[in-house]
Amino acid sequence: STEKPGVPSSSSAAGLTWARVCKECGQQHEGQDSHLYEYQDEVDDELVCHICLQPLLKPMDTPCGHTYCFHCLSSFLKEQDFCPVDRQRLQLHQCRPSSLLVRNLLDKLTVLCPHYAECQQQMQRCELQPHLHNRCPVFRKLREEAERRKRPSWNELKGRKGDGESPGDAKHMPTLSRVAARDQAEPGLINPAYEESEDDNTPLRSSLVAEANVVELFREEPEEELGLRIVGGKDTPLGNIVIQEIVRDTLAARDGRLAPGDHILEVNDVSLASVPHSWAIAVLRRPCSLLRLTVMQEKGFKCRDPRPEHQPPLSTTSTASQPSHSLHGNTTSNHNPGTVIQVTLVKSQRTEPLGIKLIRKSDESGVFILDLLSGGLAAKDGKLRNNDKVLAINGHDLRHGTPESAAQIIQASEVRVNFVVMRHTETQEDGGSSGEGPQGRASRRAPEPQYFRRRSTYMKDPPGGFSSQEKTVSLKKEPRLSLGITIAGGRDCRSRLPVYITSVQPVGCLHRDGTIKTGDILLSINGVDLTQLTYNEAVSVLKTQTAQSQVVLRVIQTISEDPEDDSDAANKDELDAVENPRDDSLNWSPLWTRWLGLPSHMHWCRDIVLLKTNNESWGFSIVGGYEESHGQQPFFIKTIVPGTPAHFDGRLKCGDEIVAVNGATTVGMNNSSLIPMLKLQKNKVTLTVVSWPGSLV
């Protein structure tokens, strides 16, 4: 479309609804169709797709030198097997994203806001989506009208419980409530996050809102790592495939649209709705230039009190609508990472700088305040401080963001800029004042509250389908002959893992024996315990003991039941590569499921203290407890809700196992025991959790 200023837009607000409008381009089109833009100027033919005859969207280059929109080309190649221009043989996996130069030229094309008649704005194409969500009055009005219409009465919500869609159906809906998305009658599912206040004087919340979105990631190299840690699978209590963590400075982190807690429903049209963990990892690791993920993303609670005086002001998202009440307040607990504070800066005009320098840190993800410029707005206000961690700006979640994305949000803001920051207590910032060791060591220990603190004393069985077995190898060898293994882990690493074997080299004596495999966890060598050592301590002990002529090595191997061969999600070769890596493979890391069978005496745990006000939810849901089909299952975190205490605290992760609540073990509990325990905690709860790193893709 090439409508000029002054001409009413074809998608004017009349007759337009929030459900039907595209949240990226602002126009009405079918979900799988290309986005529509109204270009102000004529576009060079070199930047036009030869299929749709419109300026390129997500341009892809063919080996024969032609460029098409990704959607146009992928749709064409579903029916044909040749290039539309020269008819040379062509398959989609042979194509590559266009160069950064071409993509930048396309992003800079000038477009009109689809509501130009009312909005009177034009901008670069890459700026349209931020404009719609942050500045366009018509778009804001559509969203607010949808919010008002979506608030059902409490009785309606109670009556609808159990009548909803399954996640498989939910992905076809642009927006759906948690009541609809959650009610599959999953065994063992409880939702302490969603308990409602019965106090008539407090604003009540409706069910949780989630959206099914499609995220496309372009890789410069087909085997480039996405930077996602994954948990879940039908062979685990979680059931679904869930993103546990976004690794900083990776493709997913730079893209910024995926977040921890997102449930992955499909990958390049392959359903992950009911596949084992290893199958899902194999699909996600398939080399390809473009990865199309369909994900279910939590959007937070919606207030259901119709009285306007109780409603928080609408923002671009609900993630930061009321964080200051949830965790604000000083505490002396060593386990609490700090205090969450909300600060609003008001600019005299839109272009006034805030005077804040933002940085990233090498040892922790997220955005931090480095300095407040003297005389600047933030310095004059006095509420923000150096080293504050920025959790959100104007409702945009920045727990895993970058300084660049934070700066863009600030630049796109109006006169009011709302910050949600976490401030560590003085003892943590100073590294403690106990006098133990030199100051340098104390400073290095400052991040300790984020990580694991102690060996777990909570004895329990692993989840159904997971177990372990010990293996012992006794070797006579030449003193100078190497065992031929490489190791990783150690109790000083971020996840406090035991030491495990990452490769068995063909040149070593252990390879010839064949008993020890990649992924085995070291227990002892010649009677020397290895289970509680740091990485360097383990290396030192192994070198010393290997120098002897007799070596007795004890390891433990975790076992999971073979997944049923009832899915085409991944072929046998792919599964073998994931589950049984080559002995000499480099940079190998265990799947998340490998840790689930580990005996509990080898677990390390940590305490996480959450604070809230009386009418808030804790912000997480749980699966586990007693199930008829699997017996007693551990309790796992399945969902963390945006805008809640668990979300802003940042330490609790999907896939974490809750082994105790306020020091009382959860072993042997069923849902009817754990739910009241969590309900009784009005303002503070201490969760003792065991956390394993998700599988890296």
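This report describes aromatic ring pairs and the charges over rings in a predicted model. Local features are taken at pLDDT of at least 70 and side-chain atom pairs at pLDDT 80 or more, while totals for chains, interfaces and linings use all residues. Residues are numbered from 1 along each chain as its sequence is written, and side-chain values use heavy atoms, with hydrogens and water left out.

A pair of aromatic rings is described by the distance of the centres and the angle of the planes. Rings of Phe, Tyr and Trp (its six-membered ring) pair if their centres lie within 6.5 Å, and planes under 30 degrees apart count as stacked, over 60 as edge-to-face and the rest as tilted. The count by this rule is six aromatic pairs. Among them, F76 and F82 are edge-to-face, because their ring planes stand at 80° with the centres 5.6 Å apart.

W595 and W692 make a stacked pair, with 5.3 Å between centres and 10° between planes. This pair joins distant parts of the chain, 97 residues apart, with W595 in helix α19 (residues 592–596) and W692 in the loop between β32 (684–690) and β33 (695–696); helices (H or I, at least four residues) and strands (E, at least two) are DSSP runs, numbered from the N terminus. Ring pairs also link Y500 with W595 and W692 into a cluster.

The table gives burial, where buried means under 20% relative accessible area, exposed over 50% and partly exposed in between (1.4 Å probe, protein chains only).

| Residue | Relative accessible area and class |
|---|---|
| F76 | 23%, partly exposed |
| F82 | 13%, buried |
| W595 | 2%, buried |
| W692 | 5%, buried |

A charge sits over a ring if NZ of Lys or CZ of Arg is within 6 Å of the ring centre and within 35 degrees of the ring normal. R87 lies over the face of F82 at 4.2 Å from the ring centre, and R125 lies over the face of Y37 at 5.5 Å from the ring centre.
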